[in-house]
Amino acid sequence: MFNFAGVGAWPLVLGVFGRPGDGKSFQLRTHLRRRGVTPVSINAADLESERAGVPGKLILDVYQDAGHRTDESEPAALVVDDFDTTVGEWEDSTTTVNHQQVLAQLMHLADSPTEASGKRLRRVPVFISGNDLSKIYPPLRRPGRMRTFPWEPSVEERRAIVTCVFADVLEAPEVAQLVAAVSTAPVAFFSDLLVEIAARVCRDDVLAKARAIDELIRPGDQSREELEARMRRQRMPVDEVIALAKNLLSERALATTSHLEE
């Protein structure tokens, strides 16, 4: 808002950081679109190239593109996902020329958001997301260049999100029970849980079709609307949903345990 209002003293970059799976990127894009702002994205993988200088130029090109969109009455913002994954300073990682140029380009834009490489630019906000702010190059995240926003949904926010996800499965009070029972689970976990519940609802149909091999490779003819209607009709008791959730969490914990002998 301040960027579009021309408040030059406001930091150009907003860093949104939090644990994996809590919906940083989704919520950021949803909020921007609801505000009428088009997110122009760069993936972390785009910040590396076998050709030196390409990622740094990409940052400037996309920033310039977002500015052109804004000038044409389509407010836009530059969004870089998982920034710390590629450009972060991790232990035993090697800093490349491209990483240095990406950081230098962002710092230059933060210091001079309306001019770069002799070109006049339209100031547009830049959002970067990641899991660990401490891995970001300190001069980039200093006050004046970047403002940080710790992404940590409250219990009420988590309930609101999961209530929407489980609208066809549980009532609001039951959602509160579920969230409390698996309080350590990230928001993304509940989407996986919903898929598992949907699989159980249509399991009989799948087993019936599995009698013929050709049916296994044919696309299903059950629409999403039909599946959601069945889930509403065949609501699982909340205690069964909680048991299933705890089982899935246990499986995840087991899968991430090293089984290699020391």
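Helix α7 passes helix α11 in a right-handed crossing, a crossing being right-handed if the near helix is turned clockwise from the far one by less than a right angle, and left-handed if anticlockwise. The contact (heavy atoms within 4.5 Å) is made by Phe189, Asp192, Leu193, Glu196, Ile197 and Arg200 of α7 and by Val241, Leu244, Ala245, Leu248, Leu249 and Arg252 of α11. By class, this contact has 8 nonpolar, no polar and 4 charged residues. Helices α7 (residues 187-201) and α11 (residues 238-255) pack at an angle of about 115°, with their axes 10 Å apart; axes are lines fitted to C-alpha atoms over the stretch in contact, and angles run from 0 to 180 degrees between N-to-C directions.

The model is predicted, with local features needing pLDDT of at least 70 and side-chain atom pairs pLDDT 80 or more, whereas totals for chains, interfaces and linings use all residues. Residues are numbered from 1 along each chain, and side-chain values use heavy atoms, without hydrogens or water.

Helices (H or I, at least four residues) and strands (E, at least two) are DSSP runs, numbered from the N terminus. Strands β2 (residues 38-42) and β3 (residues 76-80) pair in the parallel sense over 5 bridges, where pairing requires at least two DSSP bridges. Pro39 has Ala77 of β3 as its bridge partner.

Val175 lies in helix α6 (residues 172-181). Val175 counts as buried because its relative accessibility is 1%, buried meaning under 20% relative accessible area (1.4 Å probe, protein chains only). Beyond residues up to four places away in sequence, Val175 touches Arg159, Val162, Thr163, Phe166 and Leu170.

Definitions and conventions:
Nonpolar A, V, L, I, M, F, W, Y, C, P; charged D, E, K, R; others polar. Buried < 20%, exposed > 50% of the residue type's maximum accessible area, 1.4 Å probe, protein only.
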